[in-house]
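This report covers the fold, the surface and two individual residues of the structure shown below.

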Amino acid sequence: DLHFLTCADALLQLLTGFSFRTGITPAFWTQLRTSRGHRNDVVHRGGDADEPQARLAVEVAHVFVDQMDGLRVPSL
């Protein structure tokens, strides 16, 4: 999921000064990548998510949305 991860890291850093890879904790970046992998298995390969995978997805989504809500793009 290179496109998403690039946007969550380098592009977001360029636009806002914040990166999910370095801006929270290394553990969150790992959780985000793991959750995206589970999502891709379900959406693109017809897989199923077990309860721990679903819980992780919800937790990651909450942190992601809360963080995005607080970001503002600097004026150019």
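## Fold

Helices, of at least four residues, and strands, of at least two, are taken here as DSSP runs numbered from the N terminus. The model is predicted. On that definition the protein has three helices and zero strands, and the order of elements from the N terminus is α-α-α.

Along the principal axes, the C-alpha atoms occupy a box of roughly 45 × 20 × 20 Å. Of the contacts between residues at least 6 apart in sequence, 54% link residues at least 24 apart.

## Burial and surface

The protein has 76 residues, and 24% of them are buried.

## Leucine patch

A nonpolar patch on the surface is formed by L11, L14 and L15, which together have about 300 Å² of accessible area. L14 belongs to helix α1, residues 2-16. Its relative accessibility is 69%, so L14 is classed as exposed, the cut-off for that class being over 50%.

## R36

R36 lies in helix α2, which covers residues 26-45. Is R36 buried or exposed? Its relative accessible area is 19%, and R36 is therefore buried, since that class takes residues under 20%.

Apart from neighbours within four places in sequence, R36 is in contact with D1 and F4.

Notes:
Residues are numbered from 1 along each chain as its sequence is written. This is a predicted model: local features need pLDDT of at least 70, side-chain atom pairs count only at pLDDT 80 or more; totals for chains, interfaces and linings use all residues. Side-chain values use heavy atoms; hydrogens and water are left out. Patches are made of residues with over 30% relative accessible area and no salt bridge: like charges are joined within 9 Å, nonpolar side chains (Val, Leu, Ile, Met, Phe, Trp, Tyr) within 5 Å. Accessible areas come from the Shrake-Rupley method with a 1.4 Å probe; for residues, only the protein chains shown count as cover. A salt bridge is a side-chain nitrogen of Lys or Arg within 4 Å of a carboxyl oxygen of Asp or Glu. Buried means under 20% relative accessible area, exposed over 50%, partly exposed in between (1.4 Å probe, protein chains only). Contact means heavy atoms within 4.5 Å.
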